[in-house]
Amino acid sequence: MTDGGTPAVPDLPTTAWAVLGMLSHADELSGYDLKKWADWSLQFFYWSPSFSQIYAELKRLEKHGYASSRTVVQEDGVRGKRMYAITPEGRAAAANWVNHAPVEAPVLKHSVMLRAWLGNLAEPDRLRDILTEHIAYAEKMRKRAEADAQGAEANPDWAYPELVLRWCVRHYEAEVDFARELLADIDRLTE
């Protein structure tokens, strides 16, 4: 317990909390389902963990009693699939983390900005190409986030993921605008 009577937040990596949070949206999910969910939503604003990271976090969550699992035999009767569910303790721990753990500052690791920052070393045409490619990438990501947000509208349980996906749409729109402005600034600089 903390001094305020709130249970202490266990020291788990943020990826563990993300996996636990994904489990909170369904009755049970396989590791494969969790990877699809991460690729569908998390990748736009956090990152999409690999299968090995997801399975490692699931084991850690089970060890802490925050998730449970069972093996479901496939229709072929040979292969089994492990399904995971959040436990009541896991739901309480995730809610405690969301509400009481310190929020880490976002870390921006933007290789396009780094290249532009080192523009004094860049060939101007190459720098323009990098920015043009980034604009195309950001526009592609905007469209994907928009499509995924629209897909989330169908499920009332996904109201908050939908809101965040709409935030991602606006983020990528801003990326396009910023890159276009930087292109114009570079053109003025190299005239």
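## Exercises on a predicted model

In this predicted model, helix 2 has Gly31, Leu34, Lys35, Trp37, Ala38 and Trp40 as buried residues. Let's work from there.

**Exercise 1. Against which elements do the buried residues of helix 2 pack?**

Solution. Start with the helices: the buried residues of helix 2 pack against helix 1, helix 3, helix 6 and helix 7.

**Exercise 2. Are Trp37 and Trp158 stacked, tilted or edge-to-face, and where in the chain do they lie?**

Solution. Step one is the count: the model has seven aromatic pairs. Step two takes the pair of Trp37 and Trp158, whose ring centres are 5.4 Å apart and whose planes are at 80°. Planes over 60 degrees apart count as edge-to-face, so this pair is edge-to-face. Step three places the two residues: Trp37 is in helix 2 (residues 31-40), while Trp158 is in the loop between helix 6 (124-152) and helix 7 (159-189). They are 121 residues apart, and the pair links distant parts of the chain.

**Exercise 3. What is the strand order of the open sheet, and which strands stand at the edges?**

Solution. First, a reminder: strands of a sheet pair through backbone hydrogen bonds, in a parallel or an antiparallel way. Here the open sheet has three strands in the order 1-3-2, and the pairing is antiparallel. Now look at one pairing: strand 1 joins strand 3 (residues 80-86) over two bridges, and Ser30 stands opposite Met83 in strand 3. Finally, helix 1 (residues 14-23) packs on the sheet and touches strand 1, strand 2 and strand 3.

**Exercise 4. How do helix 1 and helix 3 cross, and which residues meet?**

Solution. Begin with the axes, which come within 9 Å and cross at roughly 80°. Angles of 65 to 115 degrees count as roughly perpendicular, so helix 1 and helix 3 are roughly perpendicular to each other. Next come the residues: Thr15, Ala16, Val19, Leu20 and Leu23 in helix 1 meet Glu57, Leu58 and Leu61 in helix 3. Sorted by type, the residues of this contact are six nonpolar, one polar and one charged.

Definitions and conventions: Residues numbered from 1 in each chain as written. Predicted model: local features only at pLDDT ≥ 70, side-chain atom pairs only at ≥ 80, totals over all residues. Heavy atoms only, no water. Pairing = 2+ DSSP bridges. Helix = DSSP H or I, 4+ residues; strand = E, 2+ residues; numbered from the N terminus. Contact = heavy atoms within 4.5 Å. Axes fitted to C-alpha atoms, helices over the stretch in contact; angles between N-to-C directions. Phe/Tyr/Trp six-rings, centres within 6.5 Å; stacked < 30°, edge-to-face > 60°. Buried < 20%, exposed > 50% of the residue type's maximum accessible area, 1.4 Å probe, protein only. Parallel < 35°, antiparallel > 145°, perpendicular 65-115°, else oblique. Nonpolar A, V, L, I, M, F, W, Y, C, P; charged D, E, K, R; others polar.
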